[in-house]
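Here is a colleague's note on the model. Please read the points with the coordinates open.

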Amino acid sequence: MASDASHMLEAALEQMDDIIAGSKAAAEYTNGLFELGSPGSAGPLQVLQLVEDLRLALELQPREEERNTLRAQVPSSTAHMLMDWLDMDRGSDRGSVNLRSPVNNESYQERLVRLEGDKEFLVLQVSVLTDQVEAQGEKIRDLESSLEEHHHKLNSTEEMLQQELLSRNSLETQKLDLMDEVSYLKLKLVGMDEKQNHNDSSKDQQNKGLLQELRLLKSKVDVLEGEKLQYERKLKATKVKNKIKLKKMIRRTQSGTLQREDLEPGEFKRGGLRATASPRLARTGETLTSVWDLKTPFSKWTPEQVCCWLEESGLDQYVILAQHWANSGQTLLSASPQDLEKEMGIKNPLHRKKLQLALKSFSTKTTEKSSELDHIWVTRWLDDIGLPQYKGQFHEGRVDGRMIQYLTVNDLLFLKVTSQLHHLSVKCAIHVLHVNKFNPNCLKRRPGDENKTSPSEVVQWSNHRVMEWLRSVDLAEYAPNLRGSGVHGGLIILEPRFNSDTLAMLLNIPPQKTLLRRHLATNFNMLVGSQAQQEKREFMESLGYAPLSTTAKVRPKKLGFSNFGHLRKKRCDESTDYICPLEAAQVQAVLNGAHRPYSGFRGLSPILDRDPDRRQQVGPNS
């Protein structure tokens, strides 16, 4: 390529020498080279073309050495001719050359005029654009004022929405209270309907029932008449005795020989005589069978007394068969579960268990506090612990306080309670009843001071009280989701796997709402306290920890081949796999105040018990 450029440069220089000397030349480019004609034939345009070609050829020589080589090869006469031609008439020629634009061959005057016109056009455009900018500025100011107006409207709308939410929360609270009352009235209505349907099943049964009631009423009247006569005799004897004592004391007072030993305890009050009345055998509202219970052993009860006791216990559907089969209370005491099923038609295992527990208390002559809680109270208790959906099954099974104390896993499965979380809820609630000596009013339903709560108070919160706490920490919109979840204070404090994540899942708070979940976790940790929080954290870090699932189901216990021989025996004795097994020593220590009832309570969860059979029956798998 360098050789081609050198040839082109040499040919261009030779042709320019011919043109300057006045010779005629013609140049034609063939195969990258110039073919020169006669010097006289070259015109001005061709000379200019040759000069441009010379410039291009020199620009194609990038290295200085090649340019020097080419310069050395130019003849001296040619170089002097070119230099003289370019230097001659420098002033006039330069003016003519420089007044032309190399681009479009126009003069600088023309170009200056054109640029002045462009300048005026640009000034006009600038003025137009300035007007447009001012118009846009006005529009922007209008938009800002309208935006501020919308901001004010939005703030007012948000205040109205907040007030609407507060009113909605209060209405929801009233709605929950009304629903509780409606459910209780429905239960009463169902019980009355059952009794009415049972009474209307047959006219013969109705006539027999009327006769039986007449006999029972007659026997009750006779007993009351006997008691009345006995009270009148005791009252007369007491009056006579008091009169005699009064006369003696008056005489001794007059003689000054009245001694302190003459005053029986409780006989004088503030200087006046008080008659000593005989204690009543039965409290106000206590049934007549309680009077019989104190006066006569259950084994010697008459069939009428046994039937009346069955009716008051909620087992009135078995009264007719019991009247024909039971000769006395001893018949029931010596009966096996098979006898109860065969002779009295008690096929419901919960009804058999209820009857057996009551008979056991008669035979052992021990009275437990749980026996004072009837099956109607249990339905209200289910509302308190957040499980109202099971009230129908519990009412049908006539589950009372004594059965709650001895409730087993199989009993809950028979009552169609299959959720693992609901098993844990029932277990923690029973433990709270144990610690509070089965006080029927131990659960707190109404809100108090939210800033002065302690874990010992939170453990006694009902489901409704937990929902009120959610409203106090600005989570009112999620509070209704706890209805039917089984969440109460005992579950929150006593179950080591129940944490803020579990509560968030039950409240249906989406995982992507991290700020809301963090707010819930902060308030949850403040609620449970540092000790329970530490125990939950240690349990979470222990080996083999599995999170608490809200959808896990409880599996029935599987019997191996070695257990088939004991199947009949286990059915007779009933299962002892209690939901909340509290040892006698532990109960006594709690009742005596030997240790705090809610601190450091371990092994509460059914799947965490040490018994391997229990772990197999109640597991974390769905």
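The points below go from confidence to rings, cysteines, backbone and contacts.

1. **Confidence.** This is a predicted model. The chain has an average pLDDT of 75. Of the residues, 68% score at least 70. Two stretches call for a note of their own. Over residues 91-101, pLDDT stays under 50. The model has 10 contacts beyond four places in sequence for that stretch. Residues 566-570 also stay under 50. For residues 566-570 there are four such contacts, again beyond four places in sequence.

2. **Aromatic pairs.** The structure holds nine aromatic pairs. One of them joins W309 and F362. Their ring centres are 5.5 Å apart and their planes meet at 70°, so this pair is edge-to-face. The cut-off for that label is over 60 degrees. W309 belongs to helix 9 (residues 303-312) and F362 to helix 13 (residues 349-364), so the pair ties together parts that are 53 residues apart in sequence. The threshold is under 20%.

3. **Ring cluster.** The W309 and F362 rings also belong to a cluster. Ring pairs link F298, W301, W309 and F362 there.

4. **Charge over a ring.** R465 lies over the face of W461. The distance to the ring centre is 4.0 Å.

5. **Cysteines.** How many disulfides does the model contain? The count is zero. C307 is in no disulfide, and the nearest cysteine sulfur, that of C308, is 8.8 Å away. A disulfide would need the sulfur atoms within 2.5 Å. C307 is buried, at 1% relative accessibility. C580 is likewise in no disulfide; its nearest cysteine sulfur belongs to C428, 7.9 Å away. C580 is buried too, with a relative accessible area of 5%.

6. **Annotation.** The unreviewed UniProt entry carries the annotation "domain: SAM" over residues 301-365, 378-436 and 461-492. Over residues 461-492, the chain is 44% helix and 0% strand. The end C-alpha atoms of residues 461-492 are 9 Å apart.

7. **Positive phi at F438.** The phi of F438 is near 55°, a positive value in a residue other than glycine. Where is F438? F438 sits in the loop between helix 18 (420-435) and helix 19 (455-458). F438 is buried, with a relative accessible area of 6%.

8. **Positive phi at D474.** D474 has a phi near 65°, again positive in a residue other than glycine. D474 is in the loop between helix 20 (463-472) and helix 21 (489-494). Is D474 buried or exposed? D474 is exposed, at 68% relative accessibility.

9. **L475 in that loop.** L475 is also found in the loop between helix 20 and helix 21. L475 is buried, with a relative accessible area of 1%. Which residues does L475 contact, leaving aside neighbours within four places in sequence? They are L470, L516, H519 and L520. L475 and L520 are 45 residues apart along the chain. Their C-alpha atoms are separated by 8.3 Å.

10. **Helix 14.** Helix 14 (residues 375-384) is mostly covered. Eight of its 10 residues are buried. Tryptophans W377 and W381 are among the buried residues of helix 14. So are the aspartates D383 and D384. H375, V378, T379 and L382 complete the list. Just after helix 14, G386 takes a positive phi of about 85°.

11. **T173 and its partners.** T173 is found in helix 6 (residues 108-199). T173 is buried, at 17% relative accessibility. Not counting residues up to four places away in sequence, T173 touches H464, E468 and R471.

Notes
Residues are numbered from 1 along each chain as its sequence is written. This is a predicted model: local features need pLDDT of at least 70, side-chain atom pairs count only at pLDDT 80 or more; totals for chains, interfaces and linings use all residues. Side-chain values use heavy atoms; hydrogens and water are left out. pLDDT is the predictor's confidence in each residue, from 0 to 100. Contact means heavy atoms within 4.5 Å. Rings of Phe, Tyr and Trp (its six-membered ring) pair if their centres lie within 6.5 Å; planes under 30 degrees apart count as stacked, over 60 as edge-to-face and the rest as tilted. Helices (H or I, at least four residues) and strands (E, at least two) are DSSP runs, numbered from the N terminus. A charge sits over a ring if NZ of Lys or CZ of Arg is within 6 Å of the ring centre and within 35 degrees of the ring normal. Buried means under 20% relative accessible area, exposed over 50%, partly exposed in between (1.4 Å probe, protein chains only). UniProt positions are given in the numbering used here, feature names are shortened, and annotations may be inferred rather than shown by experiment.
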